[in-house]
Amino acid sequence: MITTVTLNPSLDRRITVDGLKVDESNRWTGLRLYAGGKGIDVSRAIHEMGGQTMAYGFIGGREGRTLEILLDEEGVPFSFTPIEQETRTNFIVLDTRTSRQTIINAPGPRISKRELERFLKKLRGVYPSPELMVASGSVPPGVPVDIYRTIVAEAKKRGIRTVLDAAGRWLEEGIKAKPYLIKPNVHEAEELLKTELPTEEAITKATLTLVKKGIEIAVISRGKDGIVAASKNGIFKAVPPPVKVRSAVGAGDSTVAGFALKLAQGEPLIEACRLAVAMGTAAVLTPGTELCHKADVEKLLPQIEVAKGSIKPRAKTFFPAGN
Ligand SMILES: Nc1ncnc2c1ncn2[C@@H]1O[C@H](COP(=O)(O)OP(=O)(O)OP(=O)(O)O)[C@@H](O)[C@H]1O
Ligand SMILES: [Mg+2]
């Protein structure tokens, strides 16, 4: 079982217009509701691949109930903690004429101390313990900035491995508890390490720096260039074939789901890298917020180039020539 944590889920309203005119009245051509949130997306991708998962987090009000109905319809299992305030709504306006997308995100409901306590108690009580817990995404008002540090530390005490996919201060604080795996993208890794990462070599070194900080597996994702991952056993690179991108939304979440699925089963990191990149890349083939489809993942798997590199600091090239 892989549990996921989404502290700030959202009921996304995806509005399609054919040629958006600012300052004028427009007519939408499509409106879709979507149960959004990074941890929820990870659960959704795991479910798509046939894995066992349960999504945890906060849910409130009518918007929250709608979100639960949507997840029910998809068959994604959840066990949210109810809150007094309303679950947030994000608006995504897609202009089909220009293919441009405007996203308007809400900060989210304020979580009270009691609600937070109830949620943490629920996580502590998950039985039997999951093989892996994934905590992803933004943190709503009222929740302390070091919440991921608390969640990771508590899980660790129970022997549960954790995957943390967050950004900024939330990630910075969270890694103090040394999660099992983190997966920032290049920009998030630059922010975390307060340095620019312009080359593959710099990115690889950054993953090693993160491993030295006590993170067992440090992954940096690089969009179309795939990922670089490091553990004490070596460094790994996985690169997808060129594909036609329809929407990169949710690519990172699908990548995280791929890692979680393989590592929860105790499979080697190199295989986890392969599945992670296949799932991330399959997610960009689908439009809008849609994540990966299992059939695409299976088609992509043999096309992912995976290489193991040297971790000797003297080595000039991190990966065999030609990779
Ligand atoms: N243009 C692309 N072509 C092929 N694969 C892609 C592309 N963009 C992303 N991917 C796949 O998705 C993975 C994650 O992408 P990226 O590094 O952009 O994650 P992210 O910024 O964390 O995404 P998210 O916004 O979903 O959190 C990549 O490692 C790759 O497998
Ligand atoms: Mg991401």
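**Reading helix packing and burial**

Modeller: Let's start with a pair of helices: H6 and H7 cross in a left-handed sense. Please keep in mind that this is a predicted model.

Biologist: At what angle do H6 and H7 pack, and how far apart are their axes?
Modeller: The angle is about 55°, and the axes lie 11 Å apart. Angles under 35 degrees count as roughly parallel and 65 to 115 as roughly perpendicular, so H6 and H7 are oblique to each other.

Biologist: Which residues of H6 and H7 meet?
Modeller: From H6 come Val186, Leu192 and Leu193, and they meet Ile203, Ala206, Thr209 and Leu210 of H7.

Biologist: Let me try another pair. How are H1 and H2 oriented to each other?
Modeller: Again, begin with the angle. Helix H1 (residues 38–48) and helix H2 (residues 61–74) pack at about 15°, with 11 Å between their axes. H1 and H2 are therefore roughly parallel to each other. The crossing in which H1 passes H2 is right-handed.

Biologist: And what residues make up the contact of H1 with H2?
Modeller: Ile40, Arg44 and His47 in H1 meet Leu67, Leu71 and Glu74 in H2. The residues of this contact of H1 with H2 divide into three nonpolar, one polar and two charged.

Biologist: Which residues of H7 are buried, and what covers them?
Modeller: Buried here means under 20% relative accessible area. In H7 the buried residues are Ile203, Thr204, Ala206, Thr207, Leu208, Leu210 and Val211. Their cover includes helix H6 (186–193) and the strands E10 (181–182), E11 (217–221), E12 (227–231) and E13 (234–239).

Biologist: How many residues of H9 are buried?
Modeller: In H9, 13 of the 16 residues are buried, so this helix is largely enclosed by the rest of the structure. Helix H9 covers residues 269–284 and reaches 23 Å from its first C-alpha to its last, close to the 22 Å expected.

Biologist: Can we zoom in on one side chain? Is Phe259 buried or exposed?
Modeller: Phe259 sits in helix H8 (residues 251–264). Its relative accessibility is 1%, so Phe259 counts as buried. Beyond residues up to four places away in sequence, Phe259 touches Leu181, Val219, Ile227, Leu269, Ala272, Cys273 and Ala276. Along the chain, Phe259 and Thr281 are 22 residues apart, and 13 Å separates their C-alpha atoms.

Biologist: Where is Phe58, and what is it in contact with?
Modeller: Phe58 belongs to strand E4 (residues 53–60). With 1% relative accessibility, Phe58 counts as buried. Leaving aside neighbours within four places in sequence, its contacts include Thr6, Leu7, Pro9, Phe80, Ile111, Leu116 and Phe119.

Notes. Residues numbered from 1 in each chain as written. Chains lettered and ligands numbered in written order. Predicted model: local features only at pLDDT ≥ 70, side-chain atom pairs only at ≥ 80, totals over all residues. Heavy atoms only, no water. Helix = DSSP H or I, 4+ residues; strand = E, 2+ residues; numbered from the N terminus. Expected span 1.5 Å × (residues − 1). Buried < 20%, exposed > 50% of the residue type's maximum accessible area, 1.4 Å probe, protein only. Axes fitted to C-alpha atoms, helices over the stretch in contact; angles between N-to-C directions. Parallel < 35°, antiparallel > 145°, perpendicular 65-115°, else oblique. Left-handed = near helix turned anticlockwise from the far one by under 90°. Contact = heavy atoms within 4.5 Å. Nonpolar A, V, L, I, M, F, W, Y, C, P; charged D, E, K, R; others polar.
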